[in-house]
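Here is a colleague's note to read alongside the structure. Keep the model open and find each part as you go.

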Amino acid sequence: MPKIIIPGDRTQKQPVTAFCINPECLEASDRKRFEFPVEHADVACPKCGATEAPMVGVLALTHFLHRNPQGKIVGMGGLRYQLACDQSRAYLATLTNEEAATDQLRAVNCPGCLKAAAEKKLKDKQGMMIDEAVLKRLEQTNPG
Ligand SMILES: [Zn+2]
Ligand SMILES: [Zn+2]
């Protein structure tokens with residue numbers, strides 16, 4: 001079984017969250033996995049010590065992609081976009097970085113993007129916005 005290692009091309013601007021699906025580690029019966037922050041390159045569950053897939057894994061980081069005429073990411077028809085948390089980044093996801101991008105705020109889990117979306121009052125295609133209340137709740141569940 002492969003040991004889980006944080007992909008080398010994963011953005012270092014956002015925290016990495018990993019998960020463990022060992023039933024012993026679940027904190028509530030309605031949860032499917034126990035999530036924990038990762039600070040080192042090797043992923044190990046702080047509760048049971050699991051280090052191998054599929055018991056543990058790195059959560060995909062989903063960024064918010066939004067239109068910006070100065071953005072570095074070129075989409076259909078030459079429209080330009082940027083990731084909310086990183087205007088200078090010129091690519092979305094690679095095959096290995098476990099990152100993704102979406103234009104639907106509901107699917108975003110990148111803390112940097114959610115914060116930027118709330119601060120700049122960005123709307124997605126469905127007209128959804130991240131408001132301060134949602135942001136506060138996020139900060140409470142992910143301190144730091
Ligand atoms: Zn565990
Ligand atoms: Zn982001």
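**Notes on the model**

1. Start with one pair of residues: alanine 18 stands opposite phenylalanine 36 in β2. Two strands count as paired if DSSP finds at least two bridges between them. Strands (E, at least two residues) and helices (H or I, at least four) are DSSP runs, numbered from the N terminus.

2. A word on the source. This is a predicted model, in which local features need pLDDT of at least 70, side-chain atom pairs count only at pLDDT 80 or more, and totals for chains, interfaces and linings use all residues. Residues are numbered from 1 along each chain as its sequence is written, while chains are lettered from A and ligands numbered from 1 in the order in which they are written.

3. Now the overall plan. The protein chain has 2 helices and 7 strands. From the N terminus on, the order is β-β-β-β-β-β-β-α-α. The C-alpha atoms fill a box of roughly 45 × 35 × 25 Å along the principal axes. The chain has 144 residues, and 20% of them count as buried. Buried means that 20 or more other C-beta atoms lie within 10 Å of the residue's own; exposed means 12 or fewer, and partly exposed lies in between, with C-beta atoms placed from the backbone.

4. The domain assignment gives domain 1 (16–58) and domain 2 (61–141). Such bounds come from an automatic or database assignment. The centres of domain 1 and domain 2, taken over C-alpha atoms, are 25 Å apart.

5. Which strands form the antiparallel open sheet, and in what order? It has 3 strands, ordered β2-β1-β3. β2 and β3 stand at the edges with a single partner strand each, so one side of each has no neighbour in the sheet. The twist averages 30 degrees from one strand to the next. For that angle, axes are lines fitted to C-alpha atoms (for helices, over the stretch in contact), and angles run from 0 to 180 degrees between N-to-C directions.

6. Strand β1 (residues 16–20) is joined to β2 (residues 34–38) by 5 bridges, and the two run antiparallel. β1 also runs antiparallel to β3 (residues 56–58), with 3 bridges between them. Phenylalanine 19 stands opposite glycine 57 in β3, and cysteine 20 stands opposite valine 56.

7. In a regular strand the side chains alternate between the two faces of the sheet. β1 has a covered face made of Val16, Ala18 and Cys20. Its uncovered face holds Thr17 and Phe19.

8. Another open sheet has 4 strands in the order β5-β6-β4-β7, with mixed pairing. β5 (73–74) and β7 are at the edges with a single partner strand each, so one side of each is left without a neighbour in the sheet. β4 and β7 (residues 99–102) pair in the parallel sense over 4 bridges, with leucine 61 opposite glutamate 99. β4 and β6 (residues 80–83) run antiparallel, joined by 3 bridges. β5 and β6 are antiparallel as well, with 2 bridges. Tyrosine 81 in β6 stands opposite arginine 67 and also opposite isoleucine 73.

9. Why is strand β4 (residues 61–67) largely enclosed by the rest of the structure? Because 5 of its 7 residues are buried.

10. Now the nonpolar cores. A core is a set of buried Ala, Val, Leu, Ile, Met, Phe, Trp, Tyr and Cys residues joined through C-beta atoms within 7 Å. The largest has 16 residues; those with the most contacts inside it are Phe64, Ala84, Cys110, Cys113, Leu114 and Ala117. β4 and α1 (111–119) each supply at least two residues of this core. The largest share, 5 residues, comes from α1. Apart from this core lies another, of 9 residues, among them Val16, Ala18, Val43 and Val56.

11. Check phenylalanine 64. Leaving aside neighbours within four places in sequence, its contacts include Ala84, Cys113 and Ala117. Contact means C-beta atoms, placed from the backbone, within 7 Å.

12. Finish at α1. Its buried residues are Cys113, Leu114, Ala116, Ala117 and Ala118. Just after α1, lysine 121 takes a positive phi of about 50 degrees.

Note on methods
Two residues are in contact if their C-beta atoms, placed from the backbone, lie within 7 Å.
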